[in-house]
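Welcome! Please take a moment to look over the sequence and the 3D picture before reading on.

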Amino acid sequence: MDLLIDTNWVKLKNDICILIPARIDSVRLPNKLLIKISDLPVIEHTRRRALMNKFEVPVYVVTGDQEIARTIENFGGKVLLNKEKHENGTDRCAEVAKKLKYNKIIILQGDEILIDPKNIDRIIESSKRNAKAPVINAICKLTEINDLVDESIVKCYLNKSNKILSLFRKTPLTVDKKDQLKYVWKVSGLFAYSKSALTNLSKLPIGKIQKLESIEQLKLIENQLDISTTEIIEDGSSLNSPTDLKKIRRILKYDKKQTAILKNILRMK
């Protein structure tokens, strides 16, 4: 999938921003966003990868935690402080989006430490191509059968229009798992919202299944709202558990693409 060349990139970067919601508490891995890898906290790794987008779209960390805010500011990053407590990162972003000038909001989860900047470019471009889509979710192919039952990976399958039909942590399907890999997708922590869709979403009640499964996007499904998709290239694990942390450290050490990105990140100021 090739990116389209945007000749009006100045307008683009003034119309779209990237928000990274961040909170210090985490059930499965306490203080995970402040864990240091190669002398940088996880949240700063994610922020710097977002800054590498080719459209020069601005990046803001959105948080209500003073420790995260100070950490980002010490690295020269931009912070938007929340005044309210929120159930999830999407609602956290919705609070600040109301006051921003941007019409399109890219949300990147703070624990997406292995996100490839090219995938951020893809969802920015997809957001511009599909201007009428209120919500676009980045998805990628699953490669391992074990991923189908890994509860840390949010998964989905699509309807004929490539919109998300259902979201889940464990596959509910009964057919052979090798066949399931053909049409069950991994949901990435990378989304594009129109400003109006994002701010309106925060007004909707939390759904029963959303709360039970702890999947933010289920609020959209439960309220019968469409989630369009754009395919990205698999870029590794989010950070959710001590096992993920070990895996991520190994990937950053031995994976050629990831080590190259890491070198660029460590050069940034």
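What follows is a short tour of some helices, loops, charges and contacts.

## Before we start

This is a predicted model, in which local features need pLDDT of at least 70, side-chain atom pairs count only at pLDDT 80 or more, and totals for chains, interfaces and linings use all residues. Residues are numbered from 1 along each chain as its sequence is written, and side-chain values use heavy atoms, with hydrogens and water left out.

## An enclosed helix

Nine of the 10 residues in H2 are buried, so the helix is largely enclosed by the rest of the structure. Here, buried means under 20% relative accessible area, exposed means over 50%, and partly exposed is in between (1.4 Å probe, protein chains only). Among the buried residues of H2 are Val-42, Ile-43, His-45 and Ala-50.

Arg-47 and Glu-44 form a salt bridge, with their closest N and O atoms 2.8 Å apart; the term means a side-chain nitrogen of Lys or Arg within 4 Å of a carboxyl oxygen of Asp or Glu. These two residues are three apart in H2, so about one helical turn separates them. Arg-47 is buried at 5% relative accessible area, and Glu-44 is buried at 0%. Together with Arg-48, they are linked in a network of salt bridges.

How many salt bridges does the structure hold? There are eight. In one of them, the side chains of Asp-226 and Lys-163 meet at 3.2 Å, N to O. Asp-226 lies in the loop between H9 and S11 and Lys-163 in the loop between S8 and S9, so the pair ties together parts that are 63 residues apart in sequence. Asp-226 is partly exposed at 45%, and Lys-163 is partly exposed at 24%.

Another salt bridge joins Lys-182 to Asp-179, whose closest N and O atoms are 3.4 Å apart. Is Lys-182 buried or exposed? Its relative accessibility of 62% makes Lys-182 exposed, while Asp-179 is partly exposed at 33%.

## Two loop residues with positive phi

Most residues other than glycine have a negative phi. Asn-162, although not a glycine, has a positive phi of about 60 degrees. Asn-162 sits in the loop between strands S8 (155-158) and S9 (164-168) and is partly exposed, at 45%.

Gln-224 is not a glycine either, and its phi is positive at about 60 degrees. You can find Gln-224 in the loop between helix H9 (218-222) and strand S11 (228-231), where it is exposed at 74% relative accessibility.

## A buried proline

Pro-21 belongs to strand S1 (residues 16-22) and is buried, with a relative accessible area of 7%. Which residues touch Pro-21, leaving aside neighbours within four places in sequence? Its contacts (heavy atoms within 4.5 Å) include Val-62, Arg-92, Cys-93, Ile-107 and Leu-108.

Now compare sequence with space: Pro-21 and Asn-82 are 61 residues apart along the chain, and their C-alpha atoms are 9.8 Å apart.

Key: Helices (H or I, at least four residues) and strands (E, at least two) are DSSP runs, numbered from the N terminus.
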